Amino acid sequence: MAIPCETKLGDKVLEVRGMTKSYDGRVLFDDLSFELRPGAIVGVIGPNGAGKTTLMRLIADQIEPDSGSVDLGSTVELCFADQSRQELDDNKTIYQNISEGYDVFQVGKVEIASRAYVARFGFTGEEQEKRVGDCSGGQRNRVQMAKMLRRGGNLVILDEPTNDLDIPTLRLLEEALEAFPGCAIVVSHDRYFLDRVATNILALDGEGGGRFFEGSYEAYAEKIRQERIDRGDDPDVPRGTHRRFA
């Protein structure tokens, strides 16, 4: 598994400045700011309802913030694989969804037979003719990933890519991200996956706050633990701003 990346990123990738967003009177982000550097893989964590998917949609310019800005660099080619899998046609087969009618297509600079490409994602033989509407959650996830990786980009957003994936596919995704020369933003509840791939952590607390941390998930969790010790709190009892995901 490889993520095509044809355009080299410049010095500026992504800047989020003073962003605020509310839904139904509830503040998801209040004055959220962070910046991505070239080569960063950012793991986004937080409790359910904290606004992780909303943040991804804001970055992808699918919705507008209430205030603040999202500024992409001039060289950025964004590719967004969302959690809803809305791009998939349940009435078409796995092969039809991924190939989109082409027997041969470009994956990055390489021309490849579409059947062979689909097989790279674990769909071989008759399984390629299975209706997507009859697929499991993990299979649908792989179909969506295959479609997304076909297009490629130098800033890739993956919203809950680890949901329902089997171990071999998870390992392939890890290897693809580690070899990826661009930037990636990955929303996931799988802290072990994030610890292996993330260079930064963006932690949303579900109460309007956010924290951008330089380092792995393990380093972030240790910093939160040490801060609790310094406050005189029990380090093993989650409390405070980041209690629900530290």
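In the predicted model, strand β3 (residues 41-45) and strand β9 (residues 183-187) run parallel and are joined by 4 bridges; strands here are DSSP runs (E) of at least two residues, helices are runs (H or I) of at least four, and both are numbered from the N terminus. Within this pair, G43 stands opposite V186 of β9. Residues are numbered from 1 along each chain as its sequence is written, and side-chain values use heavy atoms, with hydrogens and water left out. Because the model is predicted, local features need pLDDT of at least 70 and side-chain atom pairs count only at pLDDT 80 or more, whereas totals for chains, interfaces and linings use all residues.

Both strands belong to an open sheet of 6 strands, with mixed pairing and the order β5-β8-β9-β3-β10-β11; two strands pair if DSSP finds at least two bridges between them. Strands β5 (78-81) and β11 (210-214) form the edges, each pairing on one side only.

Helix α1 (residues 52-59) lies across β3, β5, β8 (155-159), β9 and β10 (200-204), at about 150 degrees to β9. Such angles run from 0 to 180 degrees between N-to-C directions, with axes fitted as lines to C-alpha atoms, for helices over the stretch in contact; contact means heavy atoms within 4.5 Å.

The largest nonpolar core has 43 residues, of which Y117 and L177 touch the most other members. Such a core is a set of buried Ala, Val, Leu, Ile, Met, Phe, Trp, Tyr and Cys residues joined through side-chain atoms within 4.5 Å, where buried means under 20% relative accessible area (1.4 Å probe, protein chains only).

Technical notes:
Buried < 20%, exposed > 50% of the residue type's maximum accessible area, 1.4 Å probe, protein only.
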